[in-house]
Amino acid sequence: MVARRRIIAGNWKMYKTVPEALALVEELKGLVAEMRDIDILVCPPFTALYPVKEALRGSNIELGAQNLFWEEEGAFTGEVSPTMLKSLGCSYVIIGHSERRKYFGETDKDVNRKIKSAMVNGLIPIVCVGESIEEREAGKTEELIRRQVVGAMEGVKTTGAADIVVAYEPIWAIGTGRAATGEDANKVARLIRQTLAEVFNERIAQEIRIQYGGSVKPQNVAEFLEQPEIDGALVGGASLDAETFYKICQGAAGGVE
Ligand code: PGA
């Protein structure tokens, strides 16, 4: 079995002005300084990326963006390109978050273009998939997840594919305080891995890290990370407070392999 390194990512969404962002990372970097066995990253809003990167110099926290546009430059008012993100020190970029799909009309095709563009430009995509409560209750979770994964990865080259991160985020669990159970999340993560094996190959599918996201807290992170198919967490609300996010990282670092 492949040993996958655990990865905890904080998705700050549209929170934190620059001074607030700096206060958060100044506190966080001290708290997590000794944690070397897991990958830790924060994904601030675009406006805080550069100052946060500067503040993180020499720390073990990496930087991710929450979105990108697939073109490298051009007349696309209001958009931010992968080259811009790369040049200011981002290593990761969240793609296809359900809030982007819902409020900004992102389709599987858009997600696919963004993934390819991120990879060409040396950014690791964190690809979000997940079903709504209606889809779950109608028994459509598997079909939907398969469609999202296949759609996202269509034509993605195998070179570098093992570095991709997939986040399973059931929409009904996001920001609701109502997390999935570890067992349920693991079942979907297994389906994601099987689908990745069909799209790429078994070796790549075994290397790709799968996160769970949706109301992750210090109290429940271990329940997810003890699952064989789950390698990390994408944390929204609980990543906005340094102490809470640190406790989640601790829960992930201390878990059994
Ligand atoms: P939450 O958000 O942790 O606040 O539920 C997770 C996410 O949207 O990535």
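## Around Asn 67

Leaving out residues up to four places away in sequence, Asn 67 touches Phe 46, Leu 85, Val 93, Ile 94, Arg 100, Glu 106 and Lys 114 (contact means heavy atoms within 4.5 Å). With Lys 114 there's also a polar contact, side chain to side chain, at 2.8 Å. That term covers a pair of N or O atoms within 3.5 Å; within protein, one must be able to donate a hydrogen and the other to accept it, and residues adjacent in sequence count only if both atoms are side-chain atoms.

This is a predicted model, where local features need pLDDT of at least 70, side-chain atom pairs count only at pLDDT 80 or more, and totals for chains, interfaces and linings use all residues. Residues are numbered from 1 along each chain as its sequence is written, and side-chain values use heavy atoms, leaving out hydrogens and water.

Asn 67 sits in the loop between β3 (61-65) and α3 (82-87); helices (H or I, at least four residues) and strands (E, at least two) are DSSP runs, numbered from the N terminus. Its relative accessible area is 9%, so Asn 67 is buried (under 20% relative accessible area, with a 1.4 Å probe and protein chains only).

## Arg 193 in helix α8

Now for Arg 193, which belongs to helix α8 (residues 182-199). Arg 193 counts as buried because its relative accessibility is 4%. Its side chain reaches the backbone oxygen of Ile 208 at 2.7 Å.

Other buried residues in α8 include Ala 189, Ile 192 and Leu 196.

Key:
Buried means under 20% relative accessible area, exposed over 50%, partly exposed in between (1.4 Å probe, protein chains only).
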